[in-house]
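The following exercises concern one protein chain.

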Amino acid sequence: MDQRDIETFLTLAEELHFGRTAERLRLSQGAVSQIIKKLERQVGAPLFERSSRHVALTGIGRRLRDDIEPAHRLIKEGVARATSAGRGIGGVLTLGFVGAAMGDLLVEVGELFRIGHADCEVRLREIQVIEGLGPLRAGEIDMMGAPFPLDEPDLTTGPMLLREPRMLAVPASHRMARRSSVSLEDLAQLPVLNMPSSWSPVFIEDRTPSRTPSGKPITRGPDIRTLQEALALTAAGKGVFPVGAQVMRYYVRPGIVYIPFRDAPPLEWGLVWRTADETHRIRAFADVAKTRVNDRTS
């Protein structure tokens, strides 16, 4: 049986009238009759008793109806829920974020989003460095405020929301801490703490490159799992770590000095989501975020 056959049989079993069945399904009575005859040939027995004034299910027809109607109802409900999630805005939108500045920005955008979409609940979850893109790929979050660049074929990179100067976190006791600025070439002088492999390779190379622009190798320091761990290792003299200027606001701590790069491009952050699971809800939030950032920069 195909979907049309099942729909026709169950509708006739409910209406017990060929004319009303045809009207509901927008078919001709002849088409309904042909579908039922085809099913009866397939089953090998009559499904309905017919007369000029009366249509009734046979015993086999009642059994077939009772067997397939619950499954058909569940399929229709599942399709309806999927359609509502894909086309609707209401429901729950779970956002992940890395870094305090992105968290604050998503809170602000979430409040603006709720003004136009009060039936959508926005939830936030902090993503630790070690988790990388894992929670997004696992479906634990719908969208993520992540550091750029990313180059992942299964993910869609949305609007850039945040740009900040690139800084270098160095131990306060190191001679480099007395400088007013540093160069990318200086990364060859100290171990650079290592980003976990849960991030996009293009991002890791951008944030903690393997070589300086002139080709000098950069020594890898210990792996990090969280930003706080990276700062603790830096303060302990285990390495240096490139960060964004937001650290000056959110992560000031003794034992560390943040020095601006004079020759490195700014760091960029934005939204990313699973391409296969893109919905109206995701697109609507991305549009609100983009509009908010444009308003702030105009």
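**Exercise 1. The chain as a whole**

What percentage of the 298 residues of the chain count as buried? State also the secondary structure and the overall dimensions.

Solution. Two remarks on the source come at the start. The model is predicted: local features need pLDDT of at least 70, side-chain atom pairs count only at pLDDT 80 or more, and totals for chains, interfaces and linings use all residues. Residues are numbered from 1 along each chain as its sequence is written, and side-chain values use heavy atoms, with hydrogens and water left out.

Step 1. Apply the cut-offs for burial: buried means under 20% relative accessible area, exposed over 50%, and partly exposed in between, with a 1.4 Å probe and protein chains only. On this basis, 45% of the 298 residues are buried.

Step 2. List the secondary structure. Helices (H or I, at least four residues) and strands (E, at least two) are DSSP runs, numbered from the N terminus. The chain has ten helices and twelve strands.

Step 3. Examine the dimensions. The radius of gyration, taken over C-alpha atoms, is set against a globule rule of 2.2 Å times the number of residues to the power 0.38. The chain has 30 Å, whereas a compact globule of 298 residues would have a value near 19 Å. Along the principal axes, the C-alpha atoms fill a box of roughly 100 × 40 × 30 Å.

Step 4. Consider the contacts, where contact means heavy atoms within 4.5 Å. Among contacts in the chain with a separation of 6 or more, 71% are between residues 24 or more positions apart.

**Exercise 2. Lysine 238 and glutamate 49**

Are lysine 238 and glutamate 49 buried or partly exposed?

Solution. 

Step 1. Lysine 238 lies in the loop between α8 and β10 (241-244). With a relative accessible area of 45%, lysine 238 is partly exposed.

Step 2. Lysine 238 touches Pro191, Leu193, Pro222 and Leu233, when residues up to four places away in sequence are not counted. The C-alpha atoms of lysine 238 and leucine 190 are 8.8 Å apart, although 48 residues separate them along the chain.

Step 3. Glutamate 49 is part of strand β1, residues 48-50. Glutamate 49 is partly exposed, at 45% relative accessibility.

Step 4. Apart from neighbours within four places in sequence, glutamate 49 is in contact with His54, Val55, Ala56 and Thr58.

**Exercise 3. An aromatic pair**

Why is the pair of tryptophan 199 and phenylalanine 203 classed as it is?

Solution. 

Step 1. Rings of Phe, Tyr and Trp (its six-membered ring) pair if their centres lie within 6.5 Å; planes under 30 degrees apart count as stacked, over 60 as edge-to-face and the rest as tilted. The structure holds four aromatic pairs.

Step 2. In this pair the ring centres are 5.2 Å apart and the planes stand at 50 degrees, so the pair is tilted.

Step 3. Tryptophan 199 is buried at 4% relative accessibility, and phenylalanine 203 is buried at 1%.

**Exercise 4. Backbone geometry**

Solution. 

Step 1. Most residues other than glycine have a negative phi, and most peptide bonds are trans.

Step 2. Leucine 16, in the loop between α1 (3-15) and α2 (18-25), has a positive phi of about 55 degrees.

Step 3. Arginine 26 has a positive phi of about 60 degrees; arginine 26 lies in the loop between α2 and α3 (29-43) and is exposed, at 79% relative accessibility.

Step 4. The peptide bond from phenylalanine 148 to proline 149 is cis, with omega near 0 degrees. Proline 149 is in the loop between β5 (143-147) and β6 (155-164).
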